[in-house]
Amino acid sequence: MKKILIYLVFLIATSSFVIGCSEEKHTPVEQDAGPIAPVENVTIEPTPGGGNITYTLPNSKSLLYVLAEVTYPSGVVKEFVSSQYTTTIEVLGLPNEDTYTVKVYAVNKSNQKSESVETTFRCLKPPYQQVFESLRLAPDFGGVNVKWNDNSTEARLGVVIMHNDSLGDFVQYGAEYSTRINLSHSFRGMKSEENRFGIFVKDRFGNISDTLYANITPLFEELIPKSKFKAVLLPGDTPIWPGLSYVQWHFLWDDVVLVSYDNPYSSSFYSRYFVTSNSASLPQHITVDLGAQYHLSRFRLNNYYRFMDRNPKKYEIWGHSGPPPANGSWDGWVKLGEHEQFKPSGAGAGISPATEADKRYWLDGDMLNLQTDVGPVRYIRLKVLSNWSGTANFALHEITFWGSN
């Protein structure tokens with residue numbers, strides 16, 4: 001009897017398992033619904049590399065979304081979709097200024113298409129092609145400089161640079177991505193030897209421009225050694241903030257920079273920086289002796305604060321062959337360059353909001369080319385005109401120079 005009961009329990013359990021594991025089938029929400037009426041009043045406004053499709057929705061509770069099929073001249077078809085709650089579809093990423101065929105459908109909750117409404121339009125020149133026409137390639141110190149203009153739509157674009165490597169192969173050297181209307185970027189770390197370069201533009205949709213080629217010799221420069229740098233306090237110069245062990249002159253040239261934007265002060269680097277006294281309001285200036293005369297070509301300033309507080313916003317770099325006037329006057333000083341720090345995103349002062357471009361710009365430091373036709377200099381004056389918070393002093397983390405002797 002026990003065996004019969006056990007067998008019956010086994011049969012019931014097995015049957016339940018089979019029923020519970022039966023295949024689940026997904027079907028449309030409305031299986032019996034027929035195609036709905038098509039959209040009406042379709043118009044297309046051409047845009048750079050695309051178009052804005054507008055239409056009138058059908059009066060149907062079964063409408064799920066609207067589908068636009070865009071056929072390229074090559075025959076490739078791409079789909080663009082918008083929900084039942086809007087009356088526009090944005091078409092983006094078209095590769096050329098050309099005529100495209102568009103079919104617009106209303107799609108119901110059973111995934112059935114309405115009859116199509118067909119039209120054609122010609123898009124405007126895509127941003128990557130517009131920018132390519134403005135590309136310029138020129139020699140720079142330790143590398144080459146790339147400029148573009150006319151990215152009026154502020155599309156996210158990349159400029160890619162190619163060169164002949166040591167084996168003679170034409171390969172990618174680097175890339176820079178930006179949404180800026182006007183871009184100037186230098187690719188560094190190159191020998192002062194003639195080489196073959198090529199640059200092209202690409203967008204986030206996989207479109208690639210033609211390539212601009214040029215034979216260029218990067219200008220010679222080398223890193224100015226910091227071992228002989230020392231502070232000079234001339235009359236009128238602003239002294240360092242007094243009495244703090246973690247605020248020292250030599251921290252300005254100890255080759256220590258912050259390596260994280262989101263959490264920059266998590267290491268011992270936090271306690272190594274330079275701050276001027278707030279005994280006088282901005283503008284303030286400090287003087288540094290490089291230890292020898294150099295023809296300077298480039299300057300980098302690595303910051304301590306992040307687009308806020310005492311972070312220098314606008315400043316100038318001056319040079320003197322030496323010795324500078326003992327009375328602290330500006331006689332004989334020559335302006336080598338000036339800079340105004342900005343957030344690439346265009347956002348205002350503060351840690352956030354900050355885009356990846358903002359963070360990278362801050363981590364890379366302010367980089368500016370210096371006047372190269374002023375002769376050799378030994379003494380440097382950094383004159384800070386304003387900071388991000390409008391307070392009376394400024395803070396730095398590291399200064400670096402390039403040039404030749």
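The second largest pocket has a volume of about 280 Å³. Its lining comprises 18 residues, and Pro48, Leu92, Pro127, Ala155 and Phe205 lie nearest its centre. By class, the lining of this pocket has 8 nonpolar, 6 polar and 4 charged residues.

The model is a predicted one, in which local features need pLDDT of at least 70 and side-chain atom pairs count only at pLDDT 80 or more, while totals for chains, interfaces and linings use all residues. Residues are numbered from 1 along each chain as its sequence is written, and side-chain values use heavy atoms, with hydrogens and water left out.

The search for spaces uses a 1 Å grid over the protein atoms alone: a pocket is an open set of points with protein on both sides within 12 Å along at least five of seven lines, a cavity is a set of points where a 1.4 Å probe fits but cannot get out, and a lining residue has an atom within 4 Å of a point. Grid points are joined across faces, edges and corners, and a volume is the space filled by probe spheres set on the points. Ala, Val, Leu, Ile, Met, Phe, Trp, Tyr, Cys and Pro count as nonpolar, Asp, Glu, Lys and Arg as charged, and the others, Gly among them, as polar.

The largest pocket holds about 910 Å³ of space. It is lined by 28 residues, with Ser184, His185, Ser186, Tyr361 and Met367 nearest its centre. Elements that each supply at least two residues of this lining include strand S11 (170-178), S12, helix H3 (356-364) and strand S21 (366-369); helices (H or I, at least four residues) and strands (E, at least two) are DSSP runs, numbered from the N terminus. The lining of the largest pocket has 9 nonpolar, 9 polar and 10 charged residues.

Two cavities of 30 Å³ or more are found in the whole structure.

| Cavity | Volume | Lining by class |
|---|---|---|
| Largest | about 50 Å³ | 9 nonpolar, no polar, no charged residues |

The largest cavity is lined by Leu252, Ile286, Val288, Phe299, Ile317, Ile380, Leu382, Ile399 and Phe401. S18, strand S22 (377-387) and strand S24 (398-404) give two or more residues each to that lining, and S18 gives the most, with 3 residues. S18 also gives the most to the lining of the second largest cavity, with 3 residues. Among the residues lining the second largest cavity are Tyr294, His295, Leu296 and Asp373.

Strand S12 is part of an open sheet of 3 strands in the order S8-S9-S12, with antiparallel pairing. Strands S8 (136-140) and S12 (183-187) stand at the edges with a single partner strand each, so one side of each has no neighbour in the sheet. Two strands pair if DSSP finds at least two bridges between them; S9 (residues 143-148) and S12 pair over 5 bridges. Asn145 stands opposite Ser186 in S12.

Leu368 is found in strand S21. Is Leu368 buried or exposed? At 7% relative accessibility, Leu368 counts as buried (under 20% relative accessible area, with exposed over 50% and partly exposed in between, using a 1.4 Å probe and protein chains only). Leaving out residues up to four places away in sequence, Leu368 touches Arg298, Phe299, Tyr315, Gly337, Glu338 and His339, where contact means heavy atoms within 4.5 Å. Phe299 is also one of the residues lining the largest cavity. The C-alpha atoms of Leu368 and Ser83 are separated by 48 Å, the two residues being 285 residues apart along the chain.
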